[in-house]
Amino acid sequence: MKKIILSIAILLALVSFAGCSDFFNPVTNDTLLEKNYIAQYGELYSGYMGITASVQAVADKSSYLEGLQGDMLEPTENAPKEMLDIYNHNDLTNNTLADPVGYYNVILNANDYLAHIFKYYKNDSTSLPTATLDGLVGGALRYKAWAYLMLAKIYGQAIYFDDPLTSYTDISKYPVLKFDDLIEKCRQLVEVGMNGVNGEGDIQWSAALFPNQGASATSLSWDRICPPKECLLAEIFLYQNNYQKVKDNCLSIITSGGAQQSYQLNLWGGNGQWAPNCYAFARYEHIAVSFYNYSLHQTNNIINYYSNTYPNKYYLRPTQVGMNRFAIQLNTGGVPNDKYRGSGITYQMVNGEWVLQKFLSGNETPTTIYTNDVQVCLYRAADVHMFLIEALIGLGQFNQALPLLNSGIGSYYNATTGQFMAPYVGYPSCLYKVDNTRGSNQGVRGRVSLGPVGLFALNSASALDTLVNMRRLDSLLVEEESLEFAGEGKAYYTMNRMARRWSPSTSNSWAQHWINLDGTSNATNLWNDGYEQALWAGKVGAKYTNGMGTKVASSLSSDLNNWFLAYKLY
């Protein structure tokens, strides 16, 4: 352990002294070359941080791509042709914004790191404890799985390779995996791994970097740099319609978060405290974050693209359709007003123009706005709770899903026994209040004081009713994702997932239990009418004010492949 702490002390020195130049700002077109890589023990850690830096270099990309593909963002008059072509579904040849090279750089760096750490371990297994090997390898595998999962969601396919390469141009000789096969590869990276080591191991960086110190924002943030296995697996299993495993992984990460009084969706993240989730470290909400620090020259393009405060470029703005979604939400008093996520929080009128405000709070004057450290959440607590709700709907457990979506489950807790009552038997007790300040789980909508939705599903009287209401609730979840995660690079991909789930061109075996119980063609017709795909295609089409809406909606409703960016891989 002393050797680990000593080596990480060296790493901290590298971060402190080299950070101002190159430590977190590598040339991300290059891999970690073999000639001087992992020859010493300390480089095991700096090499790992090289993968983290490659994630940092691409983490903001999905915000722009998802916003342009979905219904939340549109290009301004300042936007470059690359953005206009993505928005209008035009040819993307040589489109630098659509180019997936950043995600492949994560994979290239992960592969190279994995090859060298196993080589190091083979030559000197005594200096590298098994737990440390498992943690470093596990993190590298999960970064790789995250990159491939992003490629699957954005492009619907990817070139898959495990070999360490020295150039991005070398990947063309490897096979292209289509969406479902790529999702399965992501699962295998986490659950199976390589060389007998899976992607589930982890390093508790806060304890290693800050031994014998109390928890602080600085120390805890180090534990949030890599996606946990549970978050990745929950999302992967959603795409595979394996809802019980989604549920298991969500409850697992909520339980582990409870040890730090985090991930509960309680009063801490409610009302006025919801907004900082998108521009500052939020220990109770953030699970995996790509951090940036302006003083260390670690920046992204979010402020530059979204702000209209000079000298920013203001390339993208919220659509009227996207803003209207917030305006019609009913609060707990039945009045239309998403006060804590809507106008002034997610979007705002600035200098006579609408801007996506949720990332821009803090320093907002022309002389200071560029110094904001905008953090990009890979996963936060709301993701996990929405994953869980989606899984419960897929299991037909509406009586569990709806309180988690709406007003929370605190009332189901038996303080005498210290356990939750039905239907939440077995749920982690940390979802009940840890103190009087933060309270119990409030639900996704409840914590921002919005009224309940989806209660119609509680009256499902038959198997057919259950299936019909599953589909209706899936649509409600897309709406809620669009509110909760506007601009965060997530809602459109959920929209796509729902369209695939109910498409006539995909398997409905996940719902076979309910189909068999119904025993009529009425159940299978729910997949034959293409309703969900057409519904969300129409939602996306509605944002266009340039006459392209009908064309885009028709394209999306006619072919699931059209939901992905059509970028030529090589």
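Predicted model: local features only at pLDDT ≥ 70, side-chain atom pairs only at ≥ 80, totals over all residues.
User: What makes the span of helix α5 agree with its number of residues?

Analyst: Helix α5 covers residues 101-123, which is 23 residues.

User: Why is α5 called mostly covered?

Analyst: Buried means under 20% relative accessible area. In α5, 17 of the 23 residues are buried.

User: Why is H89 called partly exposed, rather than buried or exposed?

Analyst: The relative accessibility of H89 is 31%. Buried needs a value under 20%, and exposed needs one over 50%. H89 therefore counts as partly exposed.

User: Where is H89, and what is its phi?

Analyst: H89 sits in the loop between α4 (81-87) and α5. Its phi is near 60°, a positive value in a residue other than glycine. Most residues other than glycine have a negative phi.

User: Which loop holds N241, and what is its phi?

Analyst: N241 is in the loop between α10 (229-239) and α11 (243-258). N241 is not a glycine, yet its phi is positive, about 55°.

User: What is the omega of the bond from A422 to P423, and where is P423?

Analyst: Omega is near 5°, and this bond is cis. P423 is placed in the loop between β10 (419-420) and α16 (463-484).

User: What makes strand β8 largely enclosed?

Analyst: Strand β8 takes in residues 376-380. Five of its five residues are buried, so the rest of the structure largely encloses the strand.

User: How do you know that β4 and β8 pair?

Analyst: Pairing needs at least two bridges between the strands. Four bridges join β4 (residues 286-290) to β8. The two strands run antiparallel.

User: How many residues are in the largest nonpolar core, and which have the most contacts inside it?

Analyst: The largest nonpolar core has 172 residues. Those with the most contacts inside it are W146, Y148, F161, W205, Y306 and Y427. Helix α6 (residues 130-155) gives the largest share of this core, 16 residues.

How values were computed:
Residues numbered from 1 in each chain as written. Heavy atoms only, no water. Expected span 1.5 Å × (residues − 1). Buried < 20%, exposed > 50% of the residue type's maximum accessible area, 1.4 Å probe, protein only. Core = buried A, V, L, I, M, F, W, Y, C linked by side-chain atoms within 4.5 Å.
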